Amino acid sequence: MSRRKRALITGITGQDGSYLAEFLLDQGYEVVGMVRRTSTVNFDRIQHIQDKLTLVAGDLMDEVSLMAILKEHRPQEVYNLAAQSFVKTSWTQPVFTGEVTALGVTRVLDAIRMVDPEIRFYQASSSEMFGKVQQVPQTERTPYYPRSPYGVAKVYGHWITVNYRESYDLFACSGILFNHESPRRGLEFVTHKVTYHVAKIKLGLADRLPLGNLEAQRDWGYAPDYVRAMWLMLQEDHPDDYVVATGETHSVRRLCEVAFGSVGLNWEDYVYVNPDDLRPAEVDLLVGDASKARRELGWAPTVTFEQMIQMMVEADLEALRSQRQPMRL
Ligand code: NAP
Ligand code: G4F
């Protein structure tokens with residue numbers, strides 16, 4: 001039997017899953033990644049490490065597949081990163097979002113409870129749970145007021161994690177992560193939508209950028225910093241919940257200024273408000289207080305907002321120049 005620690009990641013094909021897989025491999029883990037059966041393979045973000053991973057088919061909609069994976073691969077740690085994660089889509093697919101993003105968490109927890117209750121569990125909770133914020137900045141004690149079907153589903157996922165910890169004594173942690181971005185971010189999210197358009201405009205491949213609410217403010221951090229926090233939580237003596245955030249907030253307008261400014265362009269010459277990009281209900285302001293994570297986990301962010309946006313613009317320019325798909329590597 002191998003002495004290396006083994007971790008299971010759901011959502012390994014996503015932004016965070018790919019960075020967490022890299023991080024755990026560097027820590028000497030065997031990494032098992034759960035992937036959905038799709039008609040077209042979408043392993044772009046993990047292609048470069050695919051030969052070091054064990055990929056297994058499963059779905060958060062299907063508890064049988066989760067139990068089978070746990071029985072066969074016997075991980076000591078499970079990171080549940082899989083979700084329908086795009087807030088806007090949660091209004092057009094609210095039931096599906098609830099099935100995956102909310103009930104999916106119960107399916108994983110229940111599989112753990114039945115197969116091996118010693119497994120340490122990480123749940124990808126979200127600052128979207130704070131919604132119409134009741135306190136500024138937001139901490140682990142701030143009440144939730146979700147503003148989207150996605151936010152509501154994440155509140156369920158959060159509380160079922162707390163409930164299984166208290167009911168069955170599982171080592172179950174919830175990371176309340178504020179927005180985090182990278183060159184691997186999906187193109188539908190605002191940071192990557194902006195940096196990709198900046199790169200296209202700079203190269204003469206586009207001339208306008210439609211956006212929604214320019215006044216929304218977010219606490220944007222760098223994804224590789226955030227996956228480190230997930231791992232740190234599962235190395236503690238006791239399971240707990242932690243806010244992970246930079247403590248700084250910026251508006252979408254400021255994001256545009258920084259991104260266009262990084263290639264010498266004035267954002268106001270290109271950006272226009274497209275009503276289709278507005279949301280039925282908005283989260284106006286998110287800014288997190290990660291003092292508990294700093295104090296107890298020794299966690300701190302290493303990359304500033306400006307550095308990260310610059311990095312994303314450069315990656316998009318590079319990808320477009322070499323005619324690669326921009327969103328992955
Ligand atoms: P992402 O890039 O959208 O990745 C989502 C992952 O979930 C993908 O691998 C996707 O697989 C998988 N997935 C979706 N439905 C599934 C299902 N039914 N069964 C199994 N897998 C499924 O998201 P991310 O940005 O990496 O975020 C990771 C997690 O953190 C998510 O739970 C998200 O809600 C949460 N979160 C993210 C942020 C952030 O700012 N990034 C902040 C707070 C919380 P496919 O590739 O097959 O679609
Ligand atoms: O980039 P976004 O789509 O991210 P959002 O809604 O904050 O959600 C992300 O962060 C959450 C953590 O708080 C995660 F849980 C979730 O999974 C996801 O990763 O939008 C950010 C802000 C919003 O206020 C939105 O209204 O940008 C505003 N925005 C303005 N124009 C836009 C656009 N967002 C998108 N996606 N596209 C636009 O054109």
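Which residues in α4 meet which residues in α5? The points below take up this contact and then other parts of the structure, which is a predicted model.

1. Helix α4 covers residues 94-115 and helix α5 covers residues 149-168. On the α4 side, P94, T97, G98, T101, A102, L103, V105, T106, L109, D110 and R113 take part in the contact; on the α5 side, the partners are P149, Y150, A153, K154, Y156, G157, I160, T161, Y164 and Y168. By residue type, the contact holds twelve nonpolar, six polar and three charged residues.

2. How are α4 and α5 placed relative to each other? Their axes come within 8 Å and cross at roughly 15°. Angles under 35 degrees count as roughly parallel, and α4 and α5 are therefore roughly parallel to each other. Their crossing is right-handed.

3. L103 is one of the α4 residues in this contact. At 34% relative accessibility, L103 is partly exposed. With neighbours within four places in sequence left aside, L103 is in contact with G98 and Y156. The C-alpha atoms of L103 and M61 are separated by 8.1 Å, and these two residues are 42 residues apart along the chain.

4. The buried residues of α5 are Y150, G151, A153, K154, V155, G157, H158, I160, T161, V162, Y164 and R165. These buried residues pack against α3 (89-92), α4, β5 (120-126), β6 and β11 (241-244).

5. What follows α5? The helix is followed by D169, whose phi is positive, near 60°. D169 is not a glycine. It is located in the loop between α5 and β6. With a relative accessible area of 68%, D169 is exposed.

6. Strand β6 spans residues 171-177, and S174 is placed in it. S174 is buried, its relative accessible area being 0%. Not counting residues up to four places away in sequence, S174 touches Q123, S125, H158, T161, M233, D240, D241 and Y242. Two of these, H158 and T161, are also listed among the buried residues of α5.

7. L177 also lies in strand β6. Is L177 buried or exposed? L177 is buried, with a relative accessible area of 6%. Leaving out residues up to four places away in sequence, L177 touches Y122, S125, S126, S127, Y226, M230, M233 and V244. L177 and A245 are 68 residues apart along the chain, while their C-alpha atoms are separated by 6.4 Å.

8. A second pair of helices is α1 (residues 15-26) and α7 (residues 223-234), whose axes come within 9 Å and cross at roughly 65°. The crossing of α1 and α7 is right-handed. Q15, D16, Y19, L20, F23 and L24 in α1 meet A223, P224, V227, R228, M230 and W231 in α7. This contact divides into nine nonpolar, one polar and two charged residues.

9. Helix α10 covers residues 305-321, and its 17 residues at 1.5 Å each should span 24 Å; the end C-alpha atoms are 24 Å apart, which agrees. Which residues of α10 are buried? They are F305, M308, I309, M312, V313, D316, L317, A319 and L320. The buried residues pack against β7 (180-181), α6 (190-202), β10 (221-222), β12 (250-251) and α8 (252-261). After α10 comes Q323, with a positive phi near 55°.

10. Two further backbone features are worth a look. R74 has a positive phi of about 50° although it is not a glycine. R74 is in the loop between α2 (63-73) and β4 (77-80), and at 37% relative accessibility it is partly exposed. The other feature is a cis peptide bond that joins V136 and P137, with omega about -5°. P137 is in the loop between β5 and α5.

Terms used: Residues numbered from 1 in each chain as written. Chains lettered and ligands numbered in written order. Predicted model: local features only at pLDDT ≥ 70, side-chain atom pairs only at ≥ 80, totals over all residues. Heavy atoms only, no water. Helix = DSSP H or I, 4+ residues; strand = E, 2+ residues; numbered from the N terminus. Buried < 20%, exposed > 50% of the residue type's maximum accessible area, 1.4 Å probe, protein only. Contact = heavy atoms within 4.5 Å. Expected span 1.5 Å × (residues − 1). Axes fitted to C-alpha atoms, helices over the stretch in contact; angles between N-to-C directions. Parallel < 35°, antiparallel > 145°, perpendicular 65-115°, else oblique. Left-handed = near helix turned anticlockwise from the far one by under 90°. Nonpolar A, V, L, I, M, F, W, Y, C, P; charged D, E, K, R; others polar.
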